[in-house]
Amino acid sequence: MPWVKFGNFNSLEGLVPGAGKGKGFICPRGSLCLQQDNPSNGTVNFDNILQSLELVFVIMSANTFSDLMYQAMASDYQQAALFFGAGIMIMTLWLTNLLIAVITSSFQIIREESKGSAFTSDHRSPIQPHFDDRTRKSTLQRVVEKTKLLFTLIIVFGLICQACRSARMSPSREKFINGAEIAVTLLLDVELSARLASNWRNFHRSWASLFDLGLATITTVILIPPIRHTPAYWWLTVFQIVRAYRIVLAVPMTRKLILLVLGNAAGIANLMLFVFLMTFLVSIFASQLFRGEIPVFNEGGELNRVSFFTIYNSFLGMYQILSSENWTDILYSVTSYAHGYKTGWIGATFLIGWFTLSYFILVNMFIAVIQENFDVSEDEKRLEQVKAFLQRKELGHNASNLALSSIFNLAKSRRRRDPLDYGPAMMEMLLKDAVVRDFLDDENAEPLQVSPENDGAGRFPSTFPRNSSSGLVGVWQRFKNKFTDQEPNPFYTSIKFDGPNDTLDPRQMARQVVSATAARRKAQRGYLTRHPDYNTTLYLFPPTSKLRRFCQRLVGPARGFERVDGVDPNKVAWYALSAFVYACVVAMVVIACVTTPLYQREYREVHQADNLNWFVWTDLAFVLVFTLEAAIKMIADGAFWTPNAYLRSLWGVMDTLVLVTLWINVVTLFINDGAISRAVGAFKALRALRLLNVSNSARDTFHAVIIIGWWKIFGVSSTLPLT
């Protein structure tokens, strides 16, 4: 009797047999598995198509779906989790994001057709006039500009003092914080007075000046004792915290991001008003549908927080569904209490329809509003394409680590190959005058290859950083030059795009690229002539070394597309070695998943006589294989001070990091020190980094998002604590 259920009374004394046989869950011996009804008055189940459809929407929302998953796993087989995992992957991660893409593209089409914002009635010109302020600045204006950083630090100090408040702070700390706030407010009042006096004619034309004036007025007034000693003061301190916007604007990275996001403030305000009105309208319908069906208190005497008894309570319930936070509580509550009236399907249809409209459409419309400010012109797109192309040429692509997909098809890819995959000859062709002009759609323009007497020819101004001799930068540069080599290295100096403004014309960039590429190669040859030992790997193996050339036959260039004074790899040997290394990586990751700390402890308890177990020797074998691989690559291309240095490549650094952690893990296993092994046990997770080279797309995505885009991601995340 694996399952039992209540008899006539809900008591354990009158149990009767339940299901004839258990499914995935079997009752342990000496225990009872109680078979009960479905949750929420029997309305949460997969017994028919309509109730299954309701729960599919719950899975699609990715909110409280785990409760359904664990209930299904407890009453069915553990494999029931696969259905929920597939539902999240297909419906949440794919279909939901597909809906977002449709919404944003629809509004983009509206913007292109109307030549204006899709959320405002005005049609702004794409070219904004810029007026240069050529008036001579007074002494007070120059003082105000030079002290901006000082007053930003004062605001930081004030926020730190506010953050030091606590419910159990000492009187001395409270006195210091209050005094610090008074001092910060007075100093900012002085700064605002100086700004007003230095530029009183144009003060009212700046929204930042007017906003600071409002903040200064409010933060000064709330310090008056009749307001300061009332409970209202703690609510008004929000204006002291709002000063943090100046900290955000003081950092160039966050300033650019915030100004882009808030560039369409009118559109955001219109959309917020629209969402509020829609929520209010739907709350009226909900109040009419469900008022009186849901009691204020349930049978256990607990409060039903959303009972739709008032329009205010109904509005809170609809807003909770819009935010998707535990929206299923309202759904299950409505269907449970309406089940007796046979109208549960009406409530479920209404609430699921509102959730679909609000969460999947209205909320994602904010993405479309923000995206309006990130639109770029065709010239800017081509500019970014040129930058991305050159970045990938210089740093992004690594021929040493073959993708696993390339090994399977022996580099005869059936897909359309990337031009960079054809090697240096294709690179030279892509950077020729006619090809670049064709890409820029500028056939009638003047030649891209500038003449020697023109600016930029015969030298490499865009490649090497320029020295500045003014201000703190010049002092630091002169100090740095005393301890470093003043001659730039043409092999590892990234191409910089210098122009008169931030939106450099892509045609101008193309001219710089064409001239800089030839000058760069000439500079590299000259550098090797002046430093003949620079291409000696590990200070032992010159380019003519037989051992070095043998290693070069086994692996591709560690950095870049072609070796300097080297030989091309043998395709059969290169692919065979790469396949063997991939097999070791997969085996290493699988063994790491099997030999968990629990497995190792149980194994040692059974085999106490063996000090060194099998997984210790396998780790040692893997670390020796990867050490040999790294040694081959360093002999072939050098470690750091060579043209194709192994550690100059991002993937070489990552592989070296994994190798170091593997050695640490192996040494601690041989020492058999439990404390050290536990401390470095987390390093095993880094082994999975080697699997990034499974495909070119995975490797390029990781490089584009994590390596190139990490600074932008950091900029976005740094604004979150300030908000």
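Which residues of H16 are buried? They are Trp327, Thr328, Ile330, Leu331, Tyr332, Ser333, Val334, Thr335 and Ser336.

Before I go on, two remarks on the source. This is a predicted model, where local features need pLDDT of at least 70 and side-chain atom pairs count only at pLDDT 80 or more, while totals for chains, interfaces and linings use all residues. Residues are numbered from 1 along each chain as its sequence is written, and side-chain values use heavy atoms, with hydrogens and water left out.

Now the terms I just used. Buried means under 20% relative accessible area, exposed means over 50%, and partly exposed is in between, with a 1.4 Å probe and protein chains only. Helices (H or I, at least four residues) and strands (E, at least two) are DSSP runs, numbered from the N terminus.

Back to helix H16, residues 327-337. Nine of its 11 residues are buried, so H16 is largely enclosed by the rest of the structure. What do the buried residues of H16 pack against? The partners are helix H1 (39-42), H2, H3, helix H14 (265-290), helix H15 (311-323) and helix H17 (344-372).

Two of those partners deserve a residue each. In helix H17 we have Ala348, which counts as buried because its relative accessibility is 9%. Ala348 touches Glu54, Leu331 and Thr335, if we leave out residues up to four places away in sequence; a contact is heavy atoms within 4.5 Å. Ala348 and Thr335 are 13 residues apart in sequence, and their C-alpha atoms are 6.4 Å apart in space.

In helix H14 we have Thr279, buried at a relative accessible area of 1%. Leaving out residues up to four places away in sequence, Thr279 touches Phe315, Met318, Tyr319, Leu322 and Trp354.

Next, the whole protein. There are 31 helices and two strands. Of the 723 residues, 38% are buried. Take the contacts between residues at least 6 apart in sequence: 66% of them join residues at least 24 apart. The accessible surface comes to about 43500 Å², and 64% of that belongs to carbon and sulfur atoms. Those areas come from the Shrake-Rupley method with a 1.4 Å probe, and for residues only the protein chains shown count as cover.

Most residues other than glycine have a negative phi. Ala62 is not a glycine, yet has a positive phi of about 60 degrees. Ala62 sits in the loop between helix H2 (49-61) and helix H3 (65-75), and is partly exposed at 37% relative accessibility. Leu538 also has a positive phi, near 55 degrees. Leu538 lies in the loop between helix H23 (506-530) and H24, and its relative accessibility of 36% makes it partly exposed.

Gly560 lies in the loop between helix H24 (546-554) and helix H25 (571-594). Is Gly560 buried or exposed? Gly560 counts as buried, at 14% relative accessibility. The C-alpha atoms of Gly560 and Asn644 are 6.9 Å apart, although the two are 84 residues apart along the chain.

On to cysteines. How many disulfides does a search of the whole structure find? The search finds zero, where a disulfide is a pair of cysteine sulfur atoms within 2.5 Å. Cys164 is partly exposed, with a relative accessible area of 38%, whereas Cys551 is buried at 4%.

A pocket is found on a 1 Å grid over the protein atoms alone, as an open set of points where a 1.4 Å probe fits, with protein on both sides within 12 Å along at least five of seven lines; lining residues have an atom within 4 Å of a point. This lining has 28 residues, with Lys148, Arg195, Asn199, Ser206 and Ser209 nearest the centre.
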